[in-house]
Amino acid sequence: MSKKRRDQLDIFDLIFGVSFTLWYLVSQVIIMIAKILMFGYDVVTIYQSGYKEKSGNGLLKTYFNKGLMGEFRLYRKLTRVAPRSNIFTNIYIPGKHTTHTELDLVLISDRGILLYEVKNYGGSIYGSKSDVY
């Protein structure tokens, strides 16, 4: 290969490498900005939605506990369709086979009482209405 052709390839490799690096850095900055905005939205809505008062769980406890964060996100969605006074969190009732059972979220509406058990992890959950536990 001639020297001129090799120099052209080196310049092409340099331009490609620099443009790829810049693209990667810009994409990481955009991702970081999105995460900061989502965190800010969560902070504001934990206090404005009334979740802290209803559940007794503050910002840090909720944000760093995966299960509580799932409950908070569902609570936030429910407040868009129902009044806060009709949504209850962490209701404990006596259990038949245990000392108590916790209901994560309860929504009382004109269509009935809706009970929510929130699981904030991936995978499949199997069961039927005839299962004991």
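A salt bridge is taken here as a side-chain nitrogen of Lys or Arg within 4 Å of a carboxyl oxygen of Asp or Glu. The structure, which is a predicted model, holds 2 salt bridges.

**Salt bridges**

One of the pairs joins aspartate 42 to arginine 76, with the closest N and O atoms 2.8 Å apart. Because aspartate 42 belongs to helix α1 (residues 3-48) and arginine 76 to helix α4 (residues 66-78), this pair ties together parts that are 34 residues apart in sequence. Aspartate 42 has a relative accessibility of 4% and therefore counts as buried; arginine 76, at 12%, also counts as buried.

Lysine 119 and glutamate 117 form a salt bridge as well, and their closest N and O atoms are 3.0 Å apart. Lysine 119 counts as partly exposed at 42% relative accessibility, and glutamate 117 counts as partly exposed at 46%. The limits behind these terms are under 20% relative accessible area for buried and over 50% for exposed, with partly exposed in between.

| Pair | Atoms | Distance |
|---|---|---|
| Aspartate 42 – arginine 76 | closest N and O | 2.8 Å |
| Lysine 119 – glutamate 117 | closest N and O | 3.0 Å |
| Asparagine 65 – glycine 67 | side-chain oxygen to backbone nitrogen | 3.0 Å |
| Serine 27 – tyrosine 24 | side chain to backbone oxygen | 2.7 Å |

Helix α4 comprises 13 residues and reaches 19 Å from its first C-alpha to its last, close to the 18 Å expected at 1.5 Å a residue. The buried residues of α4 are Leu68, Met69, Gly70, Glu71, Phe72, Tyr75, Arg76 and Leu78.

In soluble globular proteins, nonpolar side chains tend to be buried together. The largest nonpolar core in this model has 13 residues, and those with the most contacts inside it are Tyr51, Phe72, Tyr75, Leu78, Ile87, Leu105 and Leu107. At least two residues of this core come from each of α4 and β2 (100-109). Helix α4 supplies the largest share, 5 residues.

**Helix α1**

A nonpolar patch lies on the surface, formed by Phe12, Leu14, Phe16, Val18, Phe20, Leu22, Trp23, Tyr24 and Leu25, with about 1000 Å² of accessible area together. Phenylalanine 20, one of the patch residues, is placed in helix α1 and is partly exposed, with a relative accessible area of 45%.

Serine 27 is also in helix α1, but this residue is buried, with a relative accessible area of 18%. The side chain of serine 27 reaches the backbone oxygen of tyrosine 24 at 2.7 Å.

Further along, tyrosine 41 lies in helix α1 and is partly exposed, with a relative accessible area of 42%. The C-alpha atom of tyrosine 41 is separated by 23 Å from that of tyrosine 116, and the two residues are 75 residues apart along the chain.

Asparagine 90 lies in strand β1 (residues 87-94). Although asparagine 90 is not a glycine, its phi is positive, at about 50 degrees. With a relative accessibility of 17%, asparagine 90 counts as buried.

How values were computed. Residues are numbered from 1 along each chain as its sequence is written. This is a predicted model: local features need pLDDT of at least 70, side-chain atom pairs count only at pLDDT 80 or more; totals for chains, interfaces and linings use all residues. Side-chain values use heavy atoms; hydrogens and water are left out. Helices (H or I, at least four residues) and strands (E, at least two) are DSSP runs, numbered from the N terminus. Buried means under 20% relative accessible area, exposed over 50%, partly exposed in between (1.4 Å probe, protein chains only). Patches are made of residues with over 30% relative accessible area and no salt bridge: like charges are joined within 9 Å, nonpolar side chains (Val, Leu, Ile, Met, Phe, Trp, Tyr) within 5 Å. Accessible areas come from the Shrake-Rupley method with a 1.4 Å probe; for residues, only the protein chains shown count as cover. The expected span of a helix is 1.5 Å times one less than its number of residues. A polar contact is a pair of N or O atoms within 3.5 Å; within protein, one must be able to donate a hydrogen and the other to accept it, and residues adjacent in sequence count only if both atoms are side-chain atoms. A nonpolar core is a set of buried Ala, Val, Leu, Ile, Met, Phe, Trp, Tyr and Cys residues joined through side-chain atoms within 4.5 Å.
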